[in-house]
Amino acid sequence: MILEQVEAAEGHVSAEEIFQRIRIRYPNLNISTVYRTLELLKDLALVTETDMGDGRVRFHVMDKGRHHHLICLICGQVLDLGEAEFKPLSDLLATRYGFRADLHHLAIFGRCKSCE
């Protein structure tokens, strides 16, 4: 049920949002079960998590593709970026530092063009 809720979400969804949706049908569900299951799904590489800067970690199904986010600190606008945008950085870190970076789902905070 938890994976179904992540898959059904339009974008990213928090554990709290998943809990509220499932609890309608299953009122005995515990929020800790949602957190533990999301952790397991993450370990199995079925979902990915991102801190979108609002105090909650949000989840996204891996099958929907890997991407990154530019988040405006002023207006809150979120722009999605493809994974290819970070390939040069990943290559640089590997060649220069021998460091294999996990750049699969990042949120980068700053100011959008309108707010700048």
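**Exercise 1. What covers the buried residues of helix H2?**

*Solution.* The model is predicted: local features need pLDDT of at least 70, side-chain atom pairs count only at pLDDT 80 or more, and totals for chains, interfaces and linings use all residues. Residues are numbered from 1 along each chain as its sequence is written, and side-chain values use heavy atoms, with hydrogens and water left out.

Step 1. Helices (H or I, at least four residues) and strands (E, at least two) are DSSP runs, numbered from the N terminus. H2 spans residues 15-23.

Step 2. List the buried residues. Buried means under 20% relative accessible area, exposed over 50%, and partly exposed in between (1.4 Å probe, protein chains only). In H2, Ala15, Ile18, Phe19 and Ile22 are buried. Seen down the axis of H2, these buried residues fall within an arc of 100°, so they line one face of the helix. The arc is that of the directions from the helix axis to the C-beta atoms.

Step 3. Name the cover, where contact means heavy atoms within 4.5 Å. The cover includes helix H1 (2-8), S1, helix H3 (31-43) and S3.

**Exercise 2. Give the order of the strands in the sheet, and state which strands stand at the edges.**

*Solution.* Step 1. Apply the pairing rule: two strands pair if DSSP finds at least two bridges between them. S1 and strand S3 (residues 57-61) are antiparallel partners over two bridges, and S2 and S3 are antiparallel partners over five bridges.

Step 1. The three strands form an open, antiparallel sheet in the order S1-S3-S2. Strand S1 (13-14) and strand S2 (47-51) stand at the edges, each with a single partner strand, so one side of each has no neighbour in the sheet.

Step 2. Val13 is opposite Phe59 in S3, and Thr48 is opposite His60 in S3.

Step 3. Inspect the turn. The hairpin of S2 and S3 has five residues between the strands, and Gly53 takes a positive phi near 85° there.

**Exercise 3. Describe the surroundings of Thr48.**

*Solution.* Step 1. Thr48 belongs to strand S2 and, at 13% relative accessibility, counts as buried.

Step 1. Leaving aside neighbours within four places in sequence, Thr48 is in contact with Arg58, Phe59, His60, Met62 and His105.

Step 2. Look at the residue opposite. His60, in strand S3, is buried, with a relative accessible area of 6%.

**Exercise 4. How many salt bridges does the structure hold?**

*Solution.* Step 1. A salt bridge is a side-chain nitrogen of Lys or Arg within 4 Å of a carboxyl oxygen of Asp or Glu. The structure holds four.

Step 1. Take Glu17 and Arg58, whose N to O distance is 3.0 Å. This pair links distant parts of the chain, with Glu17 in helix H2 and Arg58 in strand S3, 41 residues apart. Glu17 is partly exposed at 26% relative accessibility, whereas Arg58 is buried at 13%.

Step 2. Take Lys42 and Glu49, with an N to O distance of 2.9 Å. Lys42 is partly exposed at 26%, as is Glu49 at 29%. A network of salt bridges links Glu39, Lys42 and Glu49.

Step 3. Take Lys87 and Asp91, with an N to O distance of 3.0 Å. They are four residues apart in helix H4 (residues 87-97), so about one helical turn separates them. Lys87 is partly exposed at 48% relative accessible area, and Asp91 is partly exposed at 35%.

**Exercise 5. Characterise the loop between H3 and S2 through Leu44 and Ala45.**

*Solution.* Step 1. Leu44 lies in this loop. Together with Leu40 and Leu46, Leu44 forms a nonpolar surface patch with about 270 Å² of accessible area. Patches are made of residues with over 30% relative accessible area and no salt bridge; like charges are joined within 9 Å, nonpolar side chains (Val, Leu, Ile, Met, Phe, Trp, Tyr) within 5 Å. The areas come from the Shrake-Rupley method with a 1.4 Å probe; for residues, only the protein chains shown count as cover.

Step 1. Ala45 is found in the loop too and is partly exposed at 45% relative accessibility.

Step 2. Check the backbone. Most residues other than glycine have a negative phi. Ala45 has a positive phi of about 60° although it is not a glycine.
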